[in-house]
Amino acid sequence: MSRMLAIQGDIPGGQEPEVLYVRENGSWYSPPGGWMAVQSGKWQQISLAGTAMQGIAGTPNVFMAGLLFASAKPGDSGELRDQVSRAVGRWKVTAVTG
C-alpha cells in the first residue's frame, strides 16, 4: 500500500477548511467546494522548506511550509500560503495511510 496524507488547510475569512489527499505518486486532490483555485494536481517537495501543491500544468496553488511528506504524521502542522489569493493560514495532517 502506498503512503497517503490527509491534510486540512484553513485560511482566514470564514471559508470552510479545505481537505487535501496527498499521494506518494506525486499527485494530490481535494473534494469540490473548497476555497482553493484548483482541486487536483501534482506536488513537489522543496527541500526541507516544505511542499508545493501545484495544478496539473504546474501552476502555483498552495505552499505548505515545513511539510515533509516522507516523515509526516497526524498532528503535524504549519503555515499554509495560498499562492493565488496570497492568504496565509495553517495546514494540519489529520491522517496518514500506508
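What follows is a chat about how the terms used for this predicted model tie back to its values.

Reader: What should I know about the model before we start, and how are residues numbered?

Author: It's a predicted model, where local features need pLDDT of at least 70, side-chain atom pairs count only at pLDDT 80 or more, and totals for chains, interfaces and linings use all residues. Residues are numbered from 1 along each chain as its sequence is written, and side-chain values use heavy atoms, with hydrogens and water left out.

Reader: What makes the sheet a closed barrel?

Author: Eight strands run 1-2-3-4-5-6-7-8 and close up, with antiparallel pairing. Neighbouring strands of this sheet are turned by 30° against each other on average, direction ignored. Those axes are lines fitted to C-alpha atoms (for helices over the stretch in contact), and angles run from 0 to 180 degrees between N-to-C directions. A strand here is a DSSP run of E with at least two residues, while helices are H or I runs of at least four, and both are numbered from the N terminus.

Reader: How do you know that strand 1 and strand 8 pair?

Author: Two strands pair if DSSP finds at least two bridges between them. Strand 1 and strand 8 have seven, in the antiparallel sense, so they pass. Ile7 stands opposite Val93 in strand 8. On to strand 2: six bridges join strand 1 to it, again antiparallel, and Gly9 faces Glu18 there.

Reader: Which pairings involve strand 6, and how many bridges do they have?

Author: Strand 5 (residues 50-55) pairs with strand 6 over five antiparallel bridges, and three bridges join strand 6 to strand 7, also antiparallel.

Reader: Why is strand 6 called largely enclosed?

Author: Five of its six residues are buried, so the rest of the structure largely encloses strand 6. Buried means under 20% relative accessible area, exposed means over 50%, and partly exposed is in between (1.4 Å probe, protein chains only). For strand 5, six of the six residues are buried, so that strand is largely enclosed too.

Reader: What makes the phi of Ser47 worth a remark?

Author: Most residues other than glycine have a negative phi. Ser47 has a positive phi of about 50° although it is not a glycine. Its place is in the loop between strand 4 (40-46) and strand 5, a hairpin with three residues between the strands. Those two strands are antiparallel and joined by six bridges, with Gln44 opposite Ala52.

Reader: Why is Ser47 called exposed?

Author: Its relative accessible area is 58%, so Ser47 clears the cut-off for exposed.

Reader: What about Arg86: where does it lie, and is it buried or exposed?

Author: Arg86 lies in the loop between strand 7 and strand 8. At 64% relative accessibility, Arg86 counts as exposed. Its phi is near 70°, a positive value in a residue other than glycine. Strand 7 (residues 77-82) and strand 8 form a hairpin with five residues between them, and they pair antiparallel over five bridges. Within that pairing, Glu79 has Arg90 as its bridge partner.

Reader: What makes a set of residues a nonpolar core, and which members touch the most others?

Author: A nonpolar core is a set of buried Ala, Val, Leu, Ile, Met, Phe, Trp, Tyr and Cys residues joined through side-chain atoms within 4.5 Å. The largest one has 19 residues, and Ile7, Val22, Met53, Met64 and Leu67 touch the most other members. Elements giving two or more residues to this core are strand 1 (4-10), strand 2 (18-23), strand 6 (60-65) and strand 8 (88-97).

Reader: Which residues does Met64 touch?

Author: Contact means heavy atoms within 4.5 Å. Leaving out residues up to four places away in sequence, Met64 touches Ile7, Leu20, Ala49, Gly50, Thr51, Met53, Glu79, Leu80 and Trp91.
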